[in-house]
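This briefing covers one model, grouped by topic. Please look over the sequence and the coordinates before reading the notes.

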Amino acid sequence: MYVEQVEAIPLRRDLDERFANAQKWIDSREYCLVRITADDGSVGWGECWGPVAGNREIVERTVGPWLTGRDPRDVEAIHDELIVRLRSSYHSYVPASVVSGVDIALWDLYGKALGEPISRLLGGRERERVRAYATGHFWGDVDSFDDLRDAVVAEATGHVEAGFDALKNKIGLARHFPWGPEEDVALVRAIREAVGDDVRLMTDANHAYDVADARRVGRALADLDVHFFEEPIPPAGIERYARLNDQLAVPLAGGECWAFRDEFDRVLDAGAVDYVQPDVTSAGGVTSTRRVATMAEAADVQCLPHVFGSAVALAASLQVLATIRGDPMLEFDRTPNPIREGLAVDPITNDGNSVPIPDAPGLGIEVDEETLAAFRLD
Ligand code: CA
């Protein structure tokens, strides 16, 4: 079996209404998928984090010619060689999203070649379904804090009515609005009061704070029984994370901005977070995410992959989640998104508070060609 063709497939959809997190307004959802075709005609799908530009060119012009002729079943060796090769090509920078997208597509091919879901190739399935937490609770264009809070609380109660018993909301309002940490805490308090004490509540600052504000907010979040406090400060400060994690009663979470084994090794070694969140589309694909999960197990830290992609990213995350020890949860994006919902012929959806993990070969999904055609950029 060998790789015959490597393609980058750009998808994009402009949102009907833009929404914000602590760092940016989001007005479209854009994905660079990777499609690798093998000599036997089988097809593997992957997904790169981030914009199409950059990912597309490196996948097709740099990785494609190099990967052609290789055996997809050598995926872990290819993953490691690709990191070295791209680092030497781009000097100090490794396009982790490209490695990730290519790696996922190779795992999909490998699973299809063996007729097994990727989770079986990773050592076997610990579970057939995984508890899911509803993520979303972004902010729209509003004039008052009351309007913002009411919209977020309405969304939260909607998720609970849909069967979820775990939610994650966004805080860090100060960049876009005339409100700050006090309103951030008030927002979490309003959600807690609306959904009650039995719902697991997490909160995500998208590294909005400095250390002092992170400490102040973290103390308040502990009083609201917040399960974890995600990305309180910028991701570069691994030692600062570790100090903050020591000082706060609320456990810290983070990982979507880190990549590959070495960086996560520093994170885990420092005790920077109590929940580690590699993203399969940016941490280095299935290979690196599974490695991080193994390292986290050894450090007694729960691995909870970050997920905010299309159905391909969701399916790849579920294959890894099937194998993670402990009590993992799926981050389940609930923002309206026909690419995520429609890209799999059988959409991945929640059944109450959990999501069944596909068990068909490879990623376990079939990509819907009509959805693909409808949102293709080229
Ligand atoms: Ca996050």
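Where does S282 lie? S282 is in the loop between strand 9 (275–276) and helix 10 (285–298); helices (H or I, at least four residues) and strands (E, at least two) are DSSP runs numbered from the N terminus. The model is predicted, so local features need pLDDT of at least 70 and side-chain atom pairs count only at pLDDT 80 or more, while totals for chains, interfaces and linings use all residues. Residues are numbered from 1 along each chain as its sequence is written, and side-chain values use heavy atoms, with hydrogens and water left out.

- Not counting residues up to four places away in sequence, S282 touches W49, A96, S97, S100, E256, W258 and A259 (contact means heavy atoms within 4.5 Å).
- E263 belongs to helix 9 (residues 260–270).
- Its relative accessible area is 26%, so E263 is partly exposed.
- With neighbours within four places in sequence left aside, E263 is in contact with I238, C257 and W258.
- Between E263 and V292 there are 9.7 Å in space, C-alpha to C-alpha, and the two are 29 residues apart in sequence.

**Calcium site**

- D204 (OD), E230 (OE) and E256 (OE) are the protein donors of the calcium ion, at 2.2 to 2.3 Å from it.
- Donors are N, O and S atoms within 2.8 Å of the metal (3.2 Å for Na, K and Ca); water is not among the atoms, so sites may look incomplete.
- Along the chain, the donors of the calcium ion have the spacing D-x25-E-x25-E.
- E230 in strand 7 (residues 226–230) and E256 in the loop between strand 8 (252–254) and helix 9 are 26 residues apart, a pair that links distant parts of the chain.
- Both E230 and E256 are buried.

- An open sheet is formed by 3 strands in the order 1-2-3, with antiparallel pairing (two strands pair if DSSP finds at least two bridges between them).
- Strand 1 and strand 3 (43–48) are the edge strands, each pairing on one side only.
- From one strand to the next, the twist averages 20°.
- Strand 1 (residues 3–20) and strand 2 (residues 25–38) run antiparallel and are joined by 13 bridges.
- Opposite I9 stands L33 in strand 2.
- Strand 2 pairs with strand 3 over 6 bridges in the antiparallel sense, and I36 has G44 in strand 3 as its bridge partner.
- Helix 3 (residues 96–114) lies across strand 1, strand 2 and strand 3, at about 155° to strand 3; axes are lines fitted to C-alpha atoms, for helices over the stretch in contact, and angles run from 0 to 180 degrees between N-to-C directions.

**Packing of helices 5 and 6**

- Helix 5 (residues 145–161) packs against helix 6 (residues 181–195) at an angle of about 35°, with the axes 9 Å apart.
- By class, the contact of helix 5 with helix 6 has 12 nonpolar, 1 polar and 2 charged residues (Ala, Val, Leu, Ile, Met, Phe, Trp, Tyr, Cys and Pro count as nonpolar, Asp, Glu, Lys and Arg as charged, and the others, Gly among them, as polar).
- Among the residues that meet are F145, L148 and R149 in helix 5 and E183, A186 and L187 in helix 6.

Key
Buried < 20%, exposed > 50% of the residue type's maximum accessible area, 1.4 Å probe, protein only.
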